[in-house]
Amino acid sequence: MTSAEDEIIRKRQRDRARITALLLGAFVVLLFFITIAKTGTNW
Amino acid sequence: MPTLEMTNPAALPADWRDFVALTKPRVMYLVVFTGLCGLLVAPVMPPLVLGFTAILCIALGAGACGALNQWYEVDVDAKMRRTASRPLPAGRMERETALHFGVGLGGFSVLLMGLATNWLAAALLAASILFYVLVYTVWLKPRTAQNIVIGGAAGAFPPLIGWVAATGQVATLPVLLFAIIFLWTPPHFWALSLFVRSDYAAAGIPMLPVVAGAETTRRQIFLYTVPMGAAAIAPWPLGLTGAVYGISAAVLSFVFLVLAGRVAANRATEPAGMGAEKHLFAYSVFYLFALFAVLVADRWLA
């Protein structure tokens with residue numbers, strides 16, 4: 001594998017890691033608000 | 001993004017944009033919109049975050065359907081112009097990755113729906129995903145020209161799921177909304193399949209124009225429009241909606257019927273002469289958007 005190929009792979013891995021981190025963060029925030037909504041009402 | 005011929009393409013991880021493409025985001029608009037309308041016309045309004053989560057789960061479930069559909073149909077997609085550039089047939093993603101992504105996304109959407117709203121909504125979401133993947137994609141689509149008639153049920157679930165997510169129970173109005181989309185699907189897809197017939201024929205998909213010919217398809221489009229219009233208007237005389245919805249549904253359905261009549265009268269065999277079919281296809285998308293938007297407006301005006 002050439003260094004250019006290696007660089008592309010690293011870039012994609014970085015991009016995917018960033019997206020995964022963002023989605024996980026959003027999920028945590030969503031779960032927090034779901035919990036507030038579920039415990040704060042009788043709905 | 002840098003482009004380079006890889007000496008070992010399998011070593012290249014799929015780009016995140018290809019995961020988004022796997023969910024067929026352009027198809028998702030209608031699913032999300034009808035699901036949202038089902039939720040908005042329900043007599044109980046859930047807290048905003050729970051309503052948002054319900055719609056998010058419907059969108060994720062639809063995304064899972066898209067991913068699993070592309071995983072299963074990779075050979076078919078490779079044969080059609082319209083789909084050959086998708087991530088799997090274009091070789092930008094491994095097939096197994098799409099399967100894992102689809103199953104994971106589907107399971108996640110059902111679990112989140114159950115935890116955030118109620119388990120009846122989650123069960124309906126699971127049923128719609130399984131119906132789309134197993135009954136439509138795997139069983140019906142490659143075998144029978146009635147594939148989208150029965151398979152249309154999968155796309156009809158969202159307003160029902162939206163309603164149940166808000167209320168926890170099934171009622172007459174969301175069942176009618178289910179029926180409207182169920183009966184709308186054949187004319188919508190058959191209009192499309194008439195002018196992309198060669199694609200379906202090349203891929204060996206037994207769509208109605210491929211199996212029974214254009215004339216039969218055009219007649220069936222017109223015939224299905226009648227019960228579809230009846231189902232669309234039905235909530236008004238049943239007292240489930242007001243006159244704003246009823247009159248709008250009647251006008252929208254009448255225009256649909258006129259356009260379907262033009263399709264029935266068309267004798268063109270080449271896509272270039274299928275202006276009537278293209279108009280009907282475009283109008284059918286507008287029809288469903290408009291019908292559901294008016295339904296919400298009617299409920300909120302009342």
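Helices and strands are here DSSP runs, a helix having at least four residues and a strand at least two. The structure on screen is a predicted model.

**Chain A**

Begin by selecting chain A, which has 1 helix and 0 strands. Its C-alpha trace spans about 60 × 10 × 5 Å along the principal axes. Of the 43 residues in chain A, 19% are buried.

Next, select Leu22(A), which is placed in helix α1 (residues 3–40) of this chain. Is Leu22(A) buried or exposed? Exposed is the term for a relative accessibility over 50%, and Leu22(A) is therefore counted as exposed at 62%.

**The nonpolar cores**

Turn now to chain B and select Met113(B), Ile180(B), Trp184(B), Ile221(B), Tyr245(B), Tyr287(B) and Leu291(B). These residues have the most contacts inside the largest nonpolar core, a set of 88 residues. Centre the view on Ile180(B). Beyond its neighbours within four places in sequence, Ile180(B) is in contact with Met228(B), Ala231(B), Ala232(B), Tyr245(B), Leu288(B) and Leu291(B). Another core, of 8 residues, lies apart from the largest one; Leu22(B), Val74(B), Met93(B) and Ala98(B) are among its members.

**Helices α3 and α6 of chain B**

Two packed helices are described by the angle between their axes and the distance between the axes. Select residues 48–72 of chain B, helix α3, together with residues 119–140, helix α6; they pack at an angle of about 20° with their axes 10 Å apart. Because angles under 35 degrees count as roughly parallel, α3(B) is roughly parallel to α6(B). The two helices cross in a right-handed sense. To inspect the contact, display side chains including Cys57(B), Ile58(B) and Leu68(B) on α3(B), and Leu125(B), Ile129(B) and Tyr132(B) on α6(B). The residues of this contact comprise 10 nonpolar, 3 polar and no charged.

**Helices α7 and α8 of chain B**

Finally, select helix α7 (residues 147–167) and helix α8 (residues 172–195) of chain B, whose axes come within 7 Å and cross at roughly 145°. The crossing of α7(B) and α8(B) is right-handed. Among the residues making the contact are Ile148(B), Phe157(B), Pro159(B) and Trp163(B) from α7(B), and Leu173(B), Phe178(B), Phe182(B) and Trp190(B) from α8(B). Which classes of residue form this contact? Between α7(B) and α8(B) there are 19 nonpolar, 3 polar and no charged residues.

Terms used. Residues numbered from 1 in each chain as written. Chains lettered and ligands numbered in written order. Predicted model: local features only at pLDDT ≥ 70, side-chain atom pairs only at ≥ 80, totals over all residues. Heavy atoms only, no water. Buried < 20%, exposed > 50% of the residue type's maximum accessible area, 1.4 Å probe, protein only. Core = buried A, V, L, I, M, F, W, Y, C linked by side-chain atoms within 4.5 Å. Contact = heavy atoms within 4.5 Å. Axes fitted to C-alpha atoms, helices over the stretch in contact; angles between N-to-C directions. Parallel < 35°, antiparallel > 145°, perpendicular 65-115°, else oblique. Left-handed = near helix turned anticlockwise from the far one by under 90°. Nonpolar A, V, L, I, M, F, W, Y, C, P; charged D, E, K, R; others polar.
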